[in-house]
Amino acid sequence: MSRLIKKILADKLSPEELKEVISGFDVIGDIAILKIPDKLLPKKHLIAETLLENVKSIRCVFRQVSPISGEYRLMELEHLAGEDRTYTEYRESGCRFYVDIAKVYFSPRLSGERLRIANLVKDNEVIVNMFAGVGTFSIIIAKKRKMTKHHAIDINPDAYQLILKNAFLNKVEDRVTAYLGDAGRIIEYQLSGCADRVLMPYPEIAIEYFPFAVKALKDEGGTIHVYLHVKSKPIKEVIDEVLPKLDFGKKFVLEDIGGRVVREVGPKIDQIVLDIKLKALKN
Ligand SMILES: C[S@@+](CC[C@H](N)C(=O)[O-])C[C@H]1O[C@@H](n2cnc3c(N)ncnc32)[C@H](O)[C@@H]1O
């Protein structure tokens, strides 16, 4: 898609301007979201109209006005062209998702990572997704691996409703249970000791909530996938820095740890994932 956009906008913007627009460009279903640098704001309608006229699959164009913020991880949007609607249907890895970009967090840039995790999962696993958004990780895994069970938690009522809808839409409602509330409290009261695998796809609070992920694991242990934003550096150095901050509790010890860069999220800042395997501490 970005190659197509480059071609379409090539005679409207300088190569430098084009680069900036492309790097902040996302398409979710039939909605395009643009990050437009200040100096290009006078051209925002021209850019949006050009996209709308030339890319058949795009029906609505919005500009991201604010950084992603708040508990629900939302951004402010400005409607630039096409239909003024924020609800759409997005497809990924053979699944369909209803998304409302004004009411819930969603990033298509995690698609590769969602598939990577789905490929690690084995039959009969129970998986807790602590920060589920619209249910993408849980539903993709449930669809791919029929013999798995999923607990998908989100504190945003709109995200919770969309997990329920998306589970039905993909016919995995028998395998995906949605929970509305704080992941820590829900694990504490309903999901302690149930999981083979825990997903923590919310970098800003992952370290603080790590003890709850540990609490969700079965007595024999399991794997926790922790997503973090860190200064770009070799993953070995990241692991050495983060490990002392992770509390494994009294029941578990580290069996294995690996990590990788998921994507670049800013100048010299990466989103990384640590795959942390814990096993029962034998007395
Ligand atoms: C970065 S998004 C998750 C992205 C999602 N996993 C995906 O693949 O698109 C973080 C999510 O965590 C939710 N959230 C924030 N604080 C939470 C908490 N304490 N407990 C549960 N969910 C929380 C937000 O509403 C948001 O949907």
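Visitor: How far is a nitrogen atom of the ligand from an N or O atom in the side chain of Asp182?
Guide: The model is predicted, with local features requiring pLDDT of at least 70 and side-chain atom pairs pLDDT 80 or more, while totals for chains, interfaces and linings use all residues. Residues are numbered from 1 along each chain as its sequence is written, and side-chain values use heavy atoms, without hydrogens or water. A polar contact is a pair of N or O atoms within 3.5 Å. For the side chain of Asp182 and a ligand nitrogen, the distance is 2.7 Å.

Visitor: Which residue has a backbone N or O atom 2.9 Å from a nitrogen atom of the ligand?
Guide: A polar backbone atom of Ile155 lies 3.3 Å from a ligand nitrogen. The backbone atom at 2.9 Å belongs to Ala183.

Visitor: What percentage of the ligand's exposed area does the protein bury?
Guide: Taken alone, the ligand exposes 610 Å², an accessible area from the Shrake-Rupley method with a 1.4 Å probe. Of that area, the protein buries 98%.

Visitor: How many residues of domain 2 are in contact with domain 1?
Guide: The centres of the two domains, taken over C-alpha atoms, are 30 Å apart. Contact means heavy atoms within 4.5 Å. Twelve residues of domain 1 meet this criterion with domain 2, whose own count is eleven.

Visitor: Where does the largest cavity lie?
Guide: A cavity is a set of points on a 1 Å grid where a 1.4 Å probe fits but cannot get out, with lining residues having an atom within 4 Å of a point. The volume, the space filled by probe spheres set on the points, is about 40 Å³ for the largest cavity. Among its lining residues are Ile68, Arg73, Tyr105 and Phe106. Both domains give residues to this lining, so the cavity lies between domain 1 and domain 2.

Definitions and conventions: 1 Å grid on protein atoms, 1.4 Å probe; cavity = no way out; pocket = protein on both sides within 12 Å on 5 of 7 lines; lining within 4 Å. Domains from an automatic or database assignment. Polar contact = N/O pair within 3.5 Å; in protein donor to acceptor, adjacent residues only side chain to side chain.
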